[in-house]
Amino acid sequence: MIPSYNSNSDCGFSEGIMSKKEKVVLAYSGGLDTSVILPWLREIYDYEVIAFAADLGQGDELTGIKRKALASGAVKCIVKDLRREFVEEYLWRLLKAGAVYEKAYLLGTSIARPLIAKHQVDVAHAEGATAVAHGATGKGNDQVRFEVTYMALDPSLKIISPWKDPKFTLTSREAAVDYARKRGIPIEQSKKKIYSRDRNLWHISHEGADLEDPANEPKDDLFVISRPVKQTPNKPEYVTIGFAEGVPVKLNGKTTDAVKLVQALNEIGGRHAVGQVDLVENRLVGMKSRGVYETPGGAILMAAHDCLESLTLDRETLHYKQQIALRYAELVYYGLWFTQLRQALDAFVDVTQRNVSGEVRMKLFKGRCTPAGITSPKSLYRVDLASFKMGAEYNPTDATGFIRLFGLPAKVAGVVARAQGHKSTRA
């Protein structure tokens, strides 16, 4: 029996055989895993499979995807252009929150999964399907992201996860390649070029093959949307990004469509190897994994947004928001997008962004992205206060009483320590 479960059951899991010709909506990317899972579902269980592909900006990867899905046995292939929704409702929220997982990962795959699953559920409703399926492995984070979203949006749908089915024997990429070749299913992967990749407007990730050993340096030919550092220009390039309440709205002084803005920054940042990250991260399921990420446009935007916040947020709000950013990143990484906590954090973040408007000039050079000037009509920076010159706006003698009160606990501790014969609390 195929392990499926209905989140309304008493224990959350149940096993049963779906009736023949029952409709299942498969999250279909056309990549290696879903390319073999689609015919496998038909061959083993005779399901009526509807392939759903989300256009999140993966470009040429979607070329011929309908033809490929139908040739692989799908009764229908539905492709939705979700790029604008992806940027405006997901990426901009991520950007405003400043969410970065484990100090490096800009969450390109994580942030996309809830959106795909949401529309997959919508397709299931429209097509009269009673189940949804995905091709995420049993070791990865994506299985959690997909399934938690399904449960949040429609707990009555059955969830089919072939990688957790004992009959699914295509549990290595080599086996999947052989399976696809025997059935004439076109795939880009081969046993020599077998990286697992995920691409969208925000990034592209690379996992598997030689990257599974953290001792191996990423090869230059690994990179897809950016150049290796040694192939970048020998002169820096500057870009200026205009923000309105935390949202990027202008590129180099011109109002720019959200999708085109990200695409343009990907191209510019990619030329200079900006946004390349080699990370050993802690997966939600408990193990460490190694991935290499390219996020050229996202890295520029995150850095620029941070710079503008440094100018426009007061100290207490900025420091507290930094704590919120860590939790927000965890929620996204764990697949908990459709939760009340994420919505509540968004409400907090939106308040903090009211004054985050202005322009940031960024310098791109040899893999680095550094600020080269910030301006804002909401700036809290005062030259007269920041200057080393003393003026009427700041009385240095006021600091005397402040320091005495601020340091009072340390002073009391020192007095007690000396009275007890201790040297001090110094390390």
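This is a predicted model: local features need pLDDT of at least 70, side-chain atom pairs count only at pLDDT 80 or more; totals for chains, interfaces and linings use all residues.
Start with the open sheet: four strands in the order E8-E9-E14-E13, with antiparallel pairing. Select E8 and E13 (276–282) and look at their outer sides; these two strands stand at the edges with a single partner strand each, so one side of each is left without a neighbour in the sheet.

Select residues 196–199 for E8 and 204–207 for E9; the two pair in the antiparallel sense over four bridges. The link from E8 to E9 is a hairpin of four residues. Which residue of E9 is the bridge partner of arginine 199? Pick isoleucine 204, and you have the pair.

Next stop, E14, residues 288–294. Three bridges join this strand to E9, and the two run antiparallel. Click serine 205 and then tyrosine 293 in E14, its bridge partner. Stay on tyrosine 293 for a moment, as valine 277 stands opposite this residue too. That takes you over to E13, which pairs with E14 in the antiparallel sense over seven bridges.

For context, most residues other than glycine have a negative phi. Is leucine 107 buried or exposed? Buried, with a relative accessible area of 0%.

Show what surrounds that side chain. Setting aside neighbours within four places in sequence, leucine 107 is in contact with Leu94, Ala99, Val100, Tyr101, Ala329, Val332 and Tyr333. Then widen the selection to the largest nonpolar core, which has 73 residues; Leu107 is among those with the most contacts inside it, along with Phe86, Trp92, Ile300 and Leu301. There is also a second, separate core of 31 residues, and Trp40, Ala74, Cys77 and Phe168 are included in it.

Last stop: glutamate 245, in the loop between strand E10 (237–244) and strand E11 (247–251). Here is another positive phi in a residue other than glycine, near 50 degrees.

Methods. Residues are numbered from 1 along each chain as its sequence is written. Side-chain values use heavy atoms; hydrogens and water are left out. A nonpolar core is a set of buried Ala, Val, Leu, Ile, Met, Phe, Trp, Tyr and Cys residues joined through side-chain atoms within 4.5 Å. Buried means under 20% relative accessible area, exposed over 50%, partly exposed in between (1.4 Å probe, protein chains only). Contact means heavy atoms within 4.5 Å. Two strands pair if DSSP finds at least two bridges between them.
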